[in-house]
Amino acid sequence: MKTALFPGSFDPFHDGHLEIVESACRLFDQVIIATMVNPQKATRLFELDERQEMITQAVSHLENIKVVSFSTLVVRLAKEVEANVIIRGLRAVTDFENELQMAQMNFSLSGIDTLFIPTASTYSFLSSRLIREVARFGGDVSKMVPPAVAKQLKERFG
Ligand code: ADP
């Protein structure tokens with residue numbers, strides 16, 4: 001069985017993430033979405049358990065999927081869940097340099113390859129940081145995030 005691990009902060013999970021997950025579900029027997037706290041990102045909106053719950057609702061239409069949260073190294077989790085591949089999404093060249101470095105580090109630590117899935121151009125402007133900022137100031141992001149996330153953002157910011 002081929003398993004892919006899709007790790008990320010997902011704070012919050014948005015339609016760009018969902019598109020990557022749907023592609024991965026078509027390519028692999030099992031996909032594991034793992035939400036984590038990224039130490040490079042100071043601002044946190046939702047707690048890990050809240051993110052995990054929202055993602056679980058957002059992917060409930062998919063069968064070969066599991067959602068977990070973690071606070072260890074990505075490669076350690078990948079070994080633990082016996083993932084064959086780590087998935088990352090790419091929006092633009094600006095993502096590439098960081099992602100390449102991370103993929104090479106993960107490969108050198110574990111021998112696990114990273115597969116990059118490019119986003120559809122419709123979603124390439126989406127980022128969790130922008131969604132947080134727009135929602136915080138009352139902007140409507142409901143067309144950019146799954147309904148479960150839109151509901152939580154509304155409860156948080158009104
Ligand atoms: P991280 O803190 O790990 O970068 P993010 O939640 O920001 O977590 O992103 C998780 C993954 O989703 C990353 O691979 C990122 O490049 C990808 N991603 C983020 N936004 C989009 C988007 N709009 N389309 C496709 N992939 C995206």
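1. Phe10 sits in the loop between strand 1 and helix 1. The model is a predicted one, and the points below should be read as describing that prediction. The phi of Phe10 is near 50 degrees, a positive value in a residue other than glycine. Most residues other than glycine have a negative phi, and most peptide bonds are trans. Phe10 has a relative accessible area of 4%, so this residue is buried, the cut-off for buried being under 20%.

2. The loop between strand 1 and helix 1 also holds Pro12. The peptide bond that joins Asp11 and Pro12 is cis, with omega at about 5 degrees.

3. Which aromatic pairs does the structure contain? A search of the whole structure gives three. In one of them, the ring centres of Phe6 and Phe10 are 5.1 Å apart and the planes meet at 65 degrees, so the pair is edge-to-face. Phe6 counts as buried because its relative accessibility is 4%. Ring pairs join Phe6, Phe10 and Phe13 into a cluster.

4. Phe96 and Phe116 form another edge-to-face pair, because their ring planes are at 65 degrees, with the centres 6.1 Å apart. This pair links distant parts of the chain: Phe96 belongs to helix 4 and Phe116 to strand 5 (residues 113-118), 20 residues apart. Phe96 counts as partly exposed at 37% relative accessibility, and Phe116 counts as partly exposed at 24%.

5. The largest pocket holds about 1,300 Å³ of space. Its lining is made up of 48 residues, and those nearest the centre are Asn38, Lys41, Arg88, Glu99 and Met102. Two or more lining residues come from each of strand 1 (3-8), helix 1 (15-27), helix 2 (48-58), strand 4 (85-90), helix 4 (93-110) and helix 5 (128-136). Helix 4 gives the most, with ten residues. By class, the lining of the largest pocket has 19 nonpolar, 19 polar and ten charged residues.

6. The buried residues of helix 2 are Leu48, Arg51, Met54, Ile55 and Ala58. Viewed down the axis of helix 2, these buried residues fall within an arc of 130 degrees, so they line one face of the helix. The elements that cover them include helix 1, strand 2 (30-35), strand 3 (65-69) and helix 6 (147-157).

7. Helix 5 has Ser128, Ile131, Arg132 and Ala135 buried. Down the axis of helix 5, its buried residues stay within an arc of 100 degrees, so they line one face of the helix. Helix 1 and helix 6 are among what covers them. Just after helix 5, Gly138 has a positive phi of about 85 degrees.

8. In helix 6, the buried residues are Ala148, Val149, Ala150 and Leu153. What do the buried residues of helix 6 pack against? They pack against helix 2 and helix 5.

9. Tyr123 lies in the loop between strand 5 and helix 5. Its relative accessible area is 26%, so Tyr123 is partly exposed. Neighbours within four places in sequence aside, Tyr123 is in contact with Asp15, Gly16 and Glu19. The C-alpha atoms of Tyr123 and Leu90 are separated by 10 Å, and the two residues are 33 residues apart along the chain.

10. Ala92 is placed in the loop between strand 4 and helix 4. With a relative accessible area of 37%, Ala92 is partly exposed. From C-alpha to C-alpha, Ala92 and Ser124 are 7.2 Å apart in space, while in sequence they are 32 residues apart.

11. Glu82 is found in the loop between helix 3 (74-80) and strand 4. Its phi is near 60 degrees, a positive value in a residue other than glycine. Is Glu82 buried or exposed? Glu82 is exposed because its relative accessible area is 63%, the cut-off for exposed being over 50%.

Terms used: Residues numbered from 1 in each chain as written. Predicted model: local features only at pLDDT ≥ 70, side-chain atom pairs only at ≥ 80, totals over all residues. Heavy atoms only, no water. 1 Å grid on protein atoms, 1.4 Å probe; cavity = no way out; pocket = protein on both sides within 12 Å on 5 of 7 lines; lining within 4 Å. Points joined across faces, edges and corners; volume = space filled by probe spheres on them. Helix = DSSP H or I, 4+ residues; strand = E, 2+ residues; numbered from the N terminus. Nonpolar A, V, L, I, M, F, W, Y, C, P; charged D, E, K, R; others polar. Buried < 20%, exposed > 50% of the residue type's maximum accessible area, 1.4 Å probe, protein only. Arc of directions from axis to C-beta. Contact = heavy atoms within 4.5 Å. Phe/Tyr/Trp six-rings, centres within 6.5 Å; stacked < 30°, edge-to-face > 60°.
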